[in-house]
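Hello,

Here is the structure I promised to pass on. Please open it alongside this email, and my notes follow below.

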Amino acid sequence: YYGGKAQQVEKTTRVKARVKAHALRELMDGKDRLLIMGHRLADIDSFGAAVGIYRIATALNKKAHIVVNQVTSSVRPMMERFTETNDYPEDMFLKGEEAAGLVDNTTMLVVVDVNRPSIPDEPSLLKMVKTIVVLDHHRQGTERIENATLSYVEAYASSTCEMVSEILQYIDGGVRIKVEEADCMYSGMMIDTNNFMTKTGVRTFEAAAYLRKMGADTVEVKRMFATSMSAYQERCKVVAAAQIYRHCAICGVKEKIQEIKMVSAQAADELLGIEDVDASFVFYYESDDVVAYSARSMGRINVQIIMEKLGGGGHLTMAGAQTKGITLE
């Protein structure tokens, strides 16, 4: 794959977003039911983008469901805002098996925040559904969803939520979204840009402004991502144990920590704030024989290539990987 290792340059025109929005609308018009699916162990960006597509489907009077097999601790508070109210149907969220039982010729599948066929929440749906739409902001590799009817993959976009926010504005002169949906999508952008510090272009702030106009509450979003005291203390321990080697901050977490995935990602972000650190790597045990890595950089070091060597991937400034059958040492 050529051109994947360079820093992506943002395009200022929105022509492509408008064209893709019209194409998506036409595809939806011909179908009765929509299944929306993110990647395995969905994060806020994947969840927020799915909620945005759900709103488009309901605005067009289509039956829609979001496929979620396992709810992560970061997504749960957001999800509860939809499940604990009567404004949304009970079948808004479905397990993969339940969604597979609904597939017929009038079903369309929208895959968000992932373009590799092995990573979606329920990969079997890719073989069952004929009409597939892919929306993603990760760069394409050799492995990709081949049978997509419509593919909108923009590596320079900060997040999939940013892409969906633009599409929302071009569907029939704009779709009105509810406050909790705006919060959800704003959260996805905030997390993926590390509080609007990395990968932010003009269009990122325009999308954020649109969501703010729709009622996104910045203070409420910040409150929802407040960490527990124990998690904060664990994060401080990880940062304190890091060693600097050739402008890289490296730390291995041996002990078992609750919410280790979130703690390690936050610690990796925090280590970038230290003087003379261009990249940070935090290693931890995902399970007994699986070591996972969180890698972050300020742009000088391409952590994506380093993580691809270890079987993972991501972006130039934010990447991760997992290795099975290995010790932390």
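Let me start with a pair you can find quickly: Tyr186 and Phe196 are both buried (buried means under 20% relative accessible area, exposed over 50% and partly exposed in between, with a 1.4 Å probe and protein chains only). Before going further, some ground rules: this is a predicted model, in which local features need pLDDT of at least 70 and side-chain atom pairs count only at pLDDT 80 or more, while totals for chains, interfaces and linings use all residues. Residues are numbered from 1 along each chain as its sequence is written, and side-chain values use heavy atoms, with hydrogens and water left out.

**Aromatic rings**

Rings of Phe, Tyr and Trp (its six-membered ring) pair if their centres lie within 6.5 Å; planes under 30 degrees apart are stacked, over 60 edge-to-face, and the rest tilted. The count by this rule is 7 aromatic pairs. One of them is Tyr186 with Phe196, a tilted pair at 5.7 Å centre to centre and 50° between the planes. Tyr186 lies in helix α7 (residues 179–192) and Phe196 in the loop between α7 and α8 (202–213), so this pair ties together parts that are 10 residues apart in sequence. Helices (H or I, at least four residues) and strands (E, at least two) are DSSP runs, numbered from the N terminus.

With 17% relative accessibility, Phe196 counts as buried. Asp276 also has a positive phi, near 70°, but at 51% relative accessibility Asp276 counts as exposed. You will find Asp276 in the loop between α11 (260–271) and β9 (279–287).

Elsewhere, ring pairs link Phe47, Phe82, Tyr88 and Phe93 into a cluster. The charged end of Lys178 sits over the ring of Tyr88, 4.9 Å from its centre (the rule is NZ of Lys or CZ of Arg within 6 Å of the ring centre and within 35 degrees of the ring normal).

**The cores**

A nonpolar core is a set of buried Ala, Val, Leu, Ile, Met, Phe, Trp, Tyr and Cys residues joined through side-chain atoms within 4.5 Å. The largest has 58 residues, and Leu34, Phe47, Ile53, Ile66 and Leu135 touch the most other members. Helix α2 (residues 44–59) gives this core its largest share, 9 residues. Leaving aside residues up to four places away in sequence, Phe47 touches Val75, Met78, Met79, Phe82, Phe93 and Cys184 (contact means heavy atoms within 4.5 Å). There is also a second, separate core of 16 residues, which includes Ala231, Ile260, Leu271 and Leu272.

**The sheet**

An open sheet is formed by 6 strands in the order β3-β2-β1-β4-β5-β6, with parallel pairing (two strands pair if DSSP finds at least two bridges between them). At the edges are β3 (93–94) and β6 (150–153), each pairing on one side only. Strands β1 (residues 33–37) and β2 (residues 63–67) pair over 5 bridges, and Leu35 stands opposite His65 in β2.

Helix α6 (residues 160–170) packs on the sheet, where it touches β4 (107–112), β5 (131–136) and β6. The direction of α6 makes about 115° with that of β5 (axes are lines fitted to C-alpha atoms, for helices over the stretch in contact, and angles run from 0 to 180 degrees between N-to-C directions). In α6, 10 of the 11 residues are buried, among them Met163, Ile167 and Tyr170. Asp172, which follows α6, has a positive phi near 50°.

Best wishes
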